[in-house]
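Please keep the structure in view while going through the numbered points.

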Amino acid sequence: MTDNPLTSLDKYSRFVAELLNHPTVERSTVMVWSDSPYTGIAE
């Protein structure tokens, strides 16, 4: 990925989803949400 994934919650969410779609990841649960217009939380 050439674009910086930390510039928006949407880009970061997509970046994490792409990582978790890797064949070596067998199982995962990730939640990402925004708690204000300027911050987000990934768990």
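This is a predicted model: local features need pLDDT of at least 70, side-chain atom pairs count only at pLDDT 80 or more; totals for chains, interfaces and linings use all residues.

How many helices and strands does the protein have?

1. Secondary structure. The protein contains one helix and two strands. Read along the sequence, these elements follow the pattern α-β-β. Helix 1 covers residues 9-20, and strand 2 covers residues 40-42.

2. Confidence. The average pLDDT of the protein is 79, and 95% of the residues score at least 70. Among the elements, helix 1 has the highest mean pLDDT, at 82, whereas strand 2 has the lowest, at 76.

3. Overall dimensions and surface. The C-alpha trace spans about 35 × 25 × 10 Å along its principal axes. The protein has 43 residues, of which 5% are buried.

4. Contacts across the sequence. Of the contacts in the protein with a separation of 6 or more, 13% are between residues 24 or more positions apart. A separate pair to locate in the model is N4 and G40: these residues are 36 apart in sequence, and their C-alpha atoms are 16 Å apart in space. N4 belongs to the segment before helix 1. Is N4 buried or exposed, or does it fall in between? Its relative accessible area is 40%, so N4 is classed as partly exposed.

5. The salt bridge. The count of salt bridges comes to one. The partners are R14 and D10, whose closest N and O atoms are 3.1 Å apart. Because a salt bridge requires a side-chain nitrogen of Lys or Arg within 4 Å of a carboxyl oxygen of Asp or Glu, the distance of 3.1 Å between R14 and D10 qualifies. Both residues lie in helix 1, four residues apart, which is about one turn of the helix.

6. Exposure of the two partners. The reason for the two labels is the cut-off, because exposed means over 50%.

7. A nonpolar patch. Which residues form a nonpolar patch on the surface? The patch consists of L19, L20, V25 and V30, which together have about 280 Å² of accessible area. One of these residues, L19, lies in helix 1.

Terms used
Residues are numbered from 1 along each chain as its sequence is written. Side-chain values use heavy atoms; hydrogens and water are left out. Patches are made of residues with over 30% relative accessible area and no salt bridge: like charges are joined within 9 Å, nonpolar side chains (Val, Leu, Ile, Met, Phe, Trp, Tyr) within 5 Å. Accessible areas come from the Shrake-Rupley method with a 1.4 Å probe; for residues, only the protein chains shown count as cover. pLDDT is the predictor's confidence in each residue, from 0 to 100. Buried means under 20% relative accessible area, exposed over 50%, partly exposed in between (1.4 Å probe, protein chains only). Contact means heavy atoms within 4.5 Å.
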